[in-house]
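Dear colleague,

Please find below the structure that I am handing over to you. My notes on it come after the sequence and coordinates.

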Amino acid sequence: NGEMKTWNGPVSEVFSPVCVKTKDGLARKRIGSYPVCTEKESEEALNAAVAAYDNGRGKWPTMSVAERIKCVEDFTNKMIDKKDIVVKLIMWEIGKSYADSIKEFDRTVEYIYATIDSLKDLDRQSSRFEIEQGIIAQIRRSPLGVVLCMGPFNYPLNETFTTLIPALIMGNTLLFKPPKHGTLLHYPLLEAFQSSFPKGVINTIYGRGNKIIPALMESGKINVLTLIGSSKVANELKKLHPKVNRLRAILGLDAKNAAIITKDVDLDLAVKETVLGSLSFNGQRCTAIKIVYVHRSLAQEFLKKLSEEVAKLKFGMPWESGVSLTPLPEPNKPAYLQECITDAVANGAKVVNENGGQTLESFVYPAILYPVNDKMKLYREEQFGPLIPVVPFDDLEEPIEYLISSPHGQQVSIFSRNAAIISSLIDPLVNQVSRVNINCQCQRGPDSFPFTGRKDSAEGTLSVFDAIRSFSIRSLVAAKYTDDNKK
Ligand code: G3H
């Protein structure tokens, strides 16, 4: 009912990707537990959000923008006080390195402040009156209702807050389900949610998404679904809504971003950017490079340099300095990655780099696979892990065809020194994917840039500027501009 609840019900144990020695060998360390809400409890939380919105008459949706900003600022100050513990939990829960966990936290805080600035600008524009054809109008942005917000495990704080904060600050009320791997790190912020916002404005639920979310969607009480995660889950959830045409969806979904290495490339640069793009946070980024097309004439040299560059990466625990390869949080992921490797090898590819694919419990050493072809899982499936499938090509039409026939459409990176080739590729590619990177890796940032995707990769656009628009609707208050109301 919008209040903190003491939990006496069942819990789910949380295991870190960091392993400890036990008498039976290595095992993931238990680091806590979270409540497993029933359908009834999640429905109560949803009803609290519905009551706080009160069909747009609630305290929060009718509050001035300045007051809402104050609440978000108050929350952010409290969040900053919790930085140490949140960063520690990011490291322990999802195995992200200390440097990257700090980056994730700071980037989130910067995103919140940038959202506040952007909303202040928008609000200044809304306070002007426009007069056209004898009508005077104030054009504003109004909230949409109740938002169901679900973030991903790979950026459990940042990606969650890049939808949660804009949704909140625009006057919507929220039901928030933290990701399965990345739940504990939200605990230190619960108290701040409770004390900074009116009752029922933000309601956190825990448990198994596939058990509790379907009924919430079927209730028809959700106005906006925001999910950074799988395209399959998003499609299934949308279908459950009884009035899907009234549901707004802001989604960041599957991607299979390609790098295209043309024959007149700066090879060292291409290799460095490919490694960053494919293996940052062990390849667990929706923006990661997940397949590499290399011109056949330089494939062997590229693979040699790529293997050397991968060998330089430091493997270790999240808190070790300079570490970039860390244990994987999803327990099934090592087995899935092995399956992809076995399938690729059975269909004619080789693991090119030394130790590629070696696995020890939650650690998987990166594997470069060559030559990859369309019979292999890795050709189309999003591996979301440290595997680099490499495909040789003779004609640039081949990678273009790959992207045209792909169900995904997020990003591509072109590596070339030839300006004519680059410019000939830009138009065909930018009409397939939502971002074309030239001589640099695929990535989301800076956060002021639009972040979206074509086809099954996204719905709606996020960025500081776009998100506050995505979670609101343009509305206006209008009157006749007569001598009487001129005053
Ligand atoms: O997982 C998807 C993230 O939005 C990736 O963000 O490119 O900054 O790592 P990033």
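The findings are set out below, from the whole chain down to single residues.

Please note that this is a predicted model, in which local features need pLDDT of at least 70 and side-chain atom pairs count only at pLDDT 80 or more, while totals for chains, interfaces and linings use all residues. Residues are numbered from 1 along each chain as its sequence is written.

Overall fold. The chain has 16 helices and 22 strands; these are DSSP runs numbered from the N terminus, with helices being H or I of at least four residues and strands E of at least two. Its C-alpha trace spans about 80 × 65 × 40 Å along the principal axes. Of the 487 residues, 48% count as buried. A residue is buried if 20 or more other C-beta atoms lie within 10 Å of its own, exposed if 12 or fewer, and partly exposed in between, with C-beta atoms placed from the backbone. Among contacts with a separation of 6 or more, 72% are between residues 24 or more positions apart; two residues are in contact if their C-beta atoms, placed from the backbone, lie within 7 Å.

The residues around the ligand are Asn 154, Tyr 155, Glu 159, Arg 285, Cys 286, Thr 287, Gln 443, Arg 444 and Gly 445, the criterion being a C-beta atom, placed from the backbone, within 6 Å of the molecule. By class, this shell has two nonpolar, four polar and three charged residues. Here Ala, Val, Leu, Ile, Met, Phe, Trp, Tyr, Cys and Pro count as nonpolar, Asp, Glu, Lys and Arg as charged, and the others, Gly among them, as polar.

Cis peptide bonds. Gly 445, one of the residues around the ligand, is joined to Pro 446 by a cis peptide bond with omega of about -10°. Pro 446 lies in the loop between strand 19 (435-438) and strand 20 (454-455). The bond from Tyr 370 to Pro 371 is also cis, with omega near -10°, and Pro 371 is in the loop between strand 15 (367-370) and helix 12 (377-380).

Helix 2. Which residues of helix 2 are buried? They are Val 65, Arg 68, Val 72, Phe 75 and Met 79. Seen down the helix axis, these buried residues fall within an arc of 90°, so they line one face of helix 2; the arc is that of the directions from the helix axis to the C-beta atoms. Their cover includes helix 4 (98-126), helix 5 (158-169) and helix 6 (187-196). On the other side of helix 2, Ala 66, Glu 67, Asn 77 and Asp 81 are exposed.

Single residues. Asn 55 has a positive phi of about 50° although it is not a glycine. Asn 55 lies in the loop between helix 1 (39-53) and helix 2, and is exposed, with 9 other C-beta atoms within 10 Å. Leu 174, found in strand 6 (residues 173-177), is buried, with 26 other C-beta atoms within 10 Å. Beyond its neighbours within four places in sequence, the contacts of Leu 174 include Ala 49, Val 147, Leu 164 and Ile 202.

Yours sincerely
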